[in-house]
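This report describes the aromatic ring pairs of a predicted model. A pair of aromatic rings is described by the distance of the centres and the angle of the planes.

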Amino acid sequence: MPLDFTKHFVAVPAEFKLRNNTGCSCRVTVKLMNGRVTLDQGWATYAAVHQIKTGYMVTFKLLTPDTLKVVIFDDDGIEVVNKCGKHDEAFAARD
């Protein structure tokens, strides 16, 4: 996310909880890299579990200071709805 977007945060958290359209929540760490805030540890696993492919569009909506709602659209612009199944305890977010 561009640094200009981060001005909407009181403080950029060290991690975000990602919540998808099926209620699955996962935590990812945040890292400053090349002038941008990026999703770091946990993002690759999240993308793999939710089968995010090249050409898909992923939107993020800030729900709380540390929670983002994630909506995934396939390359035809259709919202992807898939259950992520059970994550291991290190990956799953605690509510």
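Trp43 counts as partly exposed, because its relative accessibility is 23%, and buried would require a value under 20%. The rings of Trp43 and Phe60 have their centres 6.1 Å apart and their planes at 50 degrees, so this pair is tilted. Phe60 is itself partly exposed, at a relative accessible area of 38%.

In total, the predicted model holds two aromatic pairs. In the pair formed by Trp43 and Tyr46, the ring centres lie 5.5 Å apart and the planes meet at 25 degrees, so the pair is stacked; the assignment follows because planes under 30 degrees apart count as stacked. Both Trp43 and Tyr46 lie in helix α1 (residues 43-49), where they are three residues apart, or about one turn of the helix. Tyr46 is buried, with a relative accessible area of 0%.

The two pairs are set out below.

| Pair | Centre distance | Plane angle | Class |
|---|---|---|---|
| Trp43 and Tyr46 | 5.5 Å | 25 degrees | stacked |
| Trp43 and Phe60 | 6.1 Å | 50 degrees | tilted |

Through these ring pairs, Trp43, Tyr46 and Phe60 are linked into a cluster.

Key. Residues are numbered from 1 along each chain as its sequence is written. This is a predicted model: local features need pLDDT of at least 70, side-chain atom pairs count only at pLDDT 80 or more; totals for chains, interfaces and linings use all residues. Side-chain values use heavy atoms; hydrogens and water are left out. Rings of Phe, Tyr and Trp (its six-membered ring) pair if their centres lie within 6.5 Å; planes under 30 degrees apart count as stacked, over 60 as edge-to-face and the rest as tilted. Helices (H or I, at least four residues) and strands (E, at least two) are DSSP runs, numbered from the N terminus. Buried means under 20% relative accessible area, exposed over 50%, partly exposed in between (1.4 Å probe, protein chains only).
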